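Here are a few exercises to work through with the model open in your viewer. Try each task before you read its solution.

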Amino acid sequence: MAGSKTILFIEDDRPIAEMYSRVLEREGYHVDFAYNGDEGLQKARAKHYDLILLDIMMPEKTGIEVLQDLRGEDGKGSPDTKIVILTNLAQNKTSQEALKSQADGYIIKADIVPSQLAGIVAKLI
Amino acid sequence: MKSQRYLRQSLALFFIVSLIPALVVAAIWYVNSLTGSTPDLDFEVYVLPIMILGILPAIILSFLFAELLARPVRRIHAAVQELAKGNFKAQFQTHGAGEFAEIGLALDAVALRLQDTLSQSASEISVIESERGKLHSVLNSMTDGVFALDHAGRIILFNKAASDLTGRTIAEVAGQLAEKVMPFRSHGELVMTRWLASQYGTGHKVGDWQGLELYRADGASLYVDVQAVVLNNDPNGIAALITFHDLTKTRQLEEMKIDFVALAAHELRTPLTEIKGYLDILNTEAKGLSKSNKEFLHRTITAADQLGGLMRNLLNVSRIEHGELGFQPVLINYLEFIQDIELEMRETAIQQHRKLRLVMPNILPPVKGDASALREVMVNLVNNALAHTSPESGQVTISVEIVQNEIQTSVADNGTGIPADAIPNLFTKFYRVNEMKSSTRGTGLGLYICKSIVDAHGGHIWVESAEGKGSTFSFRIPLGTVASRHTREDNKTTTTISRGAHGWIKNHTVH
């Protein structure tokens, strides 16, 4: 069902990236990884992805900055790619910033398990 | 009387002295007539010198007399001048007799009384000045700003902190209208002055406004707590007293604390994410586990979920304490919302060998609220109910009904119930029933959080309980204003952004 849908996972914490990708790959998605913001930006610009899952707290470039770079100043960049923040930062101000910067979702990692993430992704793409 | 005597005496003297030349002339004439010589009254030789001789003593006496009269007058004049200069020790006339001496004595008495009165006043003034000085020191050493207002709302007294905190000079404050000197964000000053104006003459009243943002004259802003006191018939014309306390530094520290808690929570969530995540993978992928191993896995999952719940509660308390819950009310499809809760909690109930039931109408209007926060309420109430019932016989019922313009949600259990004396404290922070004896785990935060969230929705929460029979926790919140209704078949939300338990997703609901 997921067919050839592609996902880019930008996450500096490898065990977490592997944990989610194991379930997503099981569901038939193609998952690419980037372990920091700059690498993530490069990969996102080099190839089309249906969904980008984006951590916030990463060294050098934060997920919010990556989001802003991808969406551009008018907020209309990468219109065919859904971008969902996947973080453990639960402050309202961060969540609001993501919403303002045209994220499609904001999910607290500790509140979901990988199979729930798969359900969310299935609804999104 | 005495002055008349003086006059008579001096007139007699003057008369006698004036008679002397005439007597002298008469004597000469008489002597001459006895000797038979012709009286030779040559005017130049006899009369003129004699007259001069007579007038001269008169003049001298007059001068002496005038001097006699003028001396006490001059003394009195000089003494009065001394008196005018404030020298009360000046003596008027303490010797001699007669009228001037008496005037002098009377004036001395007046001077003495004046001196007494004035020295008394001077000591009173110095006491008053010392008191005034003390009040001045106290007022101006205070770090809180103070404004005293008259009935027109004008500042008639203020302290240094008041002018410093508002960033205005003394001249910019004195006599000005309070609302001009202390403007707050969103015209909070008008709210305050209108309240004051409405309270004048109604007796002693106190008004409190917390965390107002005060715009300083230099463009900066401060956070202040303001207290306004309305005075009742103050004899000094003070109608109200406004005091304000600078919270800016406290607030900065609070913000640092909030940031720290957020960061600490992030760090705690990261390992929890992996624990829950890999347990989930194990649970789906592990094949051939023995029944007991499968049970152990489920217990681990339950424990991890409980840990997550405790962490969320601790964080929620920190947010409630700092007014940071940040509710984002949207129209919630309440039918779907409750169904999801039931679905999610049924898993937990089954694992704990309890039954969970749902009693709900087929149609419900939307509810305006924060779904994520209301989910916390439901999860806390259902978890509490499950924890206080026994395995196998335990039954928890979620029910929803419309009562007038409110939606009432109840969670009932057939568990141990709550002692009547514990009920009043049930919703206070850290309160736990039978803390030492309790077999159920918890921080005593859950119900406090529930109440804070329900209160923030303009609703109320309560409990009915009987020991040994069970408890029913219910809360009511106002319905949304939109007339649309959701049915069990209608699965779409009315919002473009759904806030679920775990965050939010645009155009979709997170489940």
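This is a predicted model: local features need pLDDT of at least 70, side-chain atom pairs count only at pLDDT 80 or more; totals for chains, interfaces and linings use all residues.

**Exercise 1.** Which strands of chain B does helix α10 (residues 334-351) of chain B lie across, and at about what angle does the helix run to β7(B)?

Residues are numbered from 1 along each chain as its sequence is written, while chains are lettered from A and ligands numbered from 1 in the order in which they are written.

*Solution.* Step one: find the elements, where helices (H or I, at least four residues) and strands (E, at least two) are DSSP runs numbered from the N terminus. Step two: look for contacts, meaning residue pairs whose C-beta atoms, placed from the backbone, lie within 7 Å. Helix α10(B) lies across β7, β10 and β11 of chain B. Step three: take the angle, which runs from 0 to 180 degrees between N-to-C directions, with axes fitted as lines to C-alpha atoms (for helices, over the stretch in contact). Against β7(B), that comes to about 170°.

**Exercise 2.** Work out the strand order of the open sheet in chain B, and say which strands stand at its edges.

*Solution.* Start with pairing: two strands pair if DSSP finds at least two bridges between them.
- Strand β7(B) joins β10 (residues 395-403) of chain B through five bridges, running parallel; Leu356(B) sits opposite Val396(B) there.
- Strand β11 (residues 406-413) of chain B runs antiparallel to β13 (residues 470-478) of chain B, with seven bridges, and Val411(B) has Phe473(B) as its bridge partner.
- Strand β12 (residues 460-466) of chain B is also antiparallel to β13(B), again through seven bridges; His460(B) partners Arg476(B).

Put together, the order is β7-β10-β11-β13-β12 (chain B), with mixed pairing. β7 (355-359) and β12 of chain B each have a single partner strand, so one side of each is left without a neighbour in the sheet. The twist averages 15° from one strand to the next.

**Exercise 3.** Describe how α11 (residues 371-387) of chain B packs against α12 (residues 446-456) of chain B.

*Solution.* Begin with geometry: the two helices pack at an angle of about 145°, their axes 9 Å apart. Next, list who meets whom: residues of α11(B) including Leu374(B), Val377(B) and Leu381(B) meet residues of α12(B), among them Ile449(B) and Ile453(B). Finally, sort by class (Ala, Val, Leu, Ile, Met, Phe, Trp, Tyr, Cys and Pro are nonpolar; Asp, Glu, Lys and Arg charged; the others, Gly among them, polar). This contact has eight nonpolar, three polar and one charged residues.

**Exercise 4.** How many residues of chain B are in contact with chain A, and which element gives the largest share?

*Solution.* Count first: 26 residues of chain B are in contact with 27 of chain A. Then divide by element: α8(B) gives the largest share, 14 residues. By class, the chain B side has 10 nonpolar, 11 polar and five charged residues.

Conventions
Two residues are in contact if their C-beta atoms, placed from the backbone, lie within 7 Å.
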